[in-house]
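Here is a short briefing to read with the structure open beside you. Take it one topic at a time, and find each residue as you go.

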Amino acid sequence: MKFKYSDFEPIKNIALKFPGAEESISHEQTPSIKVNGKLMCRLHDDGEFVPIKIGFANRDHYLEKYPEIFHLPDHYKNYPYICFWIPLNDKKLLEEIIEIARRQLATKKQLKDWENFEK
């Protein structure tokens, strides 16, 4: 295994503040975050990038806008994931894509509760 758990810390720290998000272990024993039991993101086992589930439309937008940060390996083309290179040092962008991913997987109640919490 080439990955370092510490590379996943910034993602984990942002994602776990959302309702329904939980730490998990995924493919090849890599750290991951699930929302309501569904995979949101994980550290790829090569340790070089993180696939995150943001949907096809969002994926195309971010691939076009930030080609130096995001990429799409062949394996992910048929899935609603985008991959970002580690490290992603832009905290605002990281929070933005994690929020998109969380919204894709959250229940209506969780979305409403989070909106009420933010007010």
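**Cysteines**

- C83 counts as buried, at 0% relative accessibility; buried means under 20% relative accessible area, exposed means over 50%, and partly exposed is in between (1.4 Å probe, protein chains only).
- The model is a predicted one, where local features need pLDDT of at least 70 and side-chain atom pairs count only at pLDDT 80 or more, while totals for chains, interfaces and linings use all residues.
- Residues are numbered from 1 along each chain as its sequence is written, and side-chain values use heavy atoms, with hydrogens and water left out.
- How many disulfides are there? With a disulfide defined as a pair of cysteine sulfur atoms within 2.5 Å, the count is 0.
- C41 is in no disulfide, and the nearest cysteine sulfur, in C83, is 11 Å away.
- For C83, the closest cysteine sulfur is the one in C41, and 11 Å is too far for a bond.
- C41 is also buried, with 0% relative accessibility.

**The nonpolar core**

- A nonpolar core is a set of buried Ala, Val, Leu, Ile, Met, Phe, Trp, Tyr and Cys residues joined through side-chain atoms within 4.5 Å.
- The largest one has 31 residues, and those touching the most other members are M40, I52, Y62, F70, F84, I97 and I98.
- At least two residues of this core come from each of α1 (9-15), β2 (30-35), β3, β4 (49-53), β6 (81-85) and α3 (91-105); here helices (H or I, at least four residues) and strands (E, at least two) are DSSP runs, numbered from the N terminus.
- Helix α3 gives the largest share of this core, with 7 residues.
- M40 is in contact (heavy atoms within 4.5 Å) with residues including A15, I33, P51, I52, I98 and L105, leaving aside neighbours within four places in sequence.

**Helix α3**

- The 15 residues of α3 should span 21 Å at 1.5 Å a residue, and the end C-alpha atoms are 21 Å apart, which agrees; the expected span is 1.5 Å times one less than the number of residues.
- Which residues of α3 are buried? They are L93, L94, I97, I98, E99, I100, A101, R102 and L105.
- At the start of α3, a side-chain oxygen of D90 comes within 3.2 Å of the backbone nitrogen of K92.

**Salt bridges**

- Side chains of opposite charge can pair when their charged atoms come close.
- The structure holds 8 salt bridges, each a side-chain nitrogen of Lys or Arg within 4 Å of a carboxyl oxygen of Asp or Glu.
- In one of them, E23 meets K12 at 3.7 Å, N to O.
- E23 lies in strand β1 (residues 21-26) and K12 in helix α1, so this pair ties together parts that are 11 residues apart in sequence.
- E99 and R102 form another salt bridge, at 2.9 Å from N to O.
- These two residues, E99 and R102, are 3 residues apart in helix α3, which separates them by about one helical turn.
- E99 has a relative accessibility of 18%, and R102 has a relative accessible area of 1%.
- R59 pairs with D60, their closest N and O atoms being 3.9 Å apart.
- In that pair R59 is buried, at 7% relative accessibility, whereas D60 is partly exposed, at 45%.

- H71 sits in strand β5 (residues 70-71) and is buried, with a relative accessible area of 15%.
- The side chains of H71 and W85 make a polar contact of 3.5 Å; a polar contact is a pair of N or O atoms within 3.5 Å, and within protein one must be able to donate a hydrogen and the other to accept it, with residues adjacent in sequence counting only if both atoms are side-chain atoms.
- R42 belongs to strand β3 (residues 38-42) and is buried, at 9% relative accessible area.
- N36 lies in the loop between β2 and β3 and is partly exposed, with a relative accessible area of 33%.
- A polar contact of 2.7 Å joins the side chain of N36 to that of Q110.
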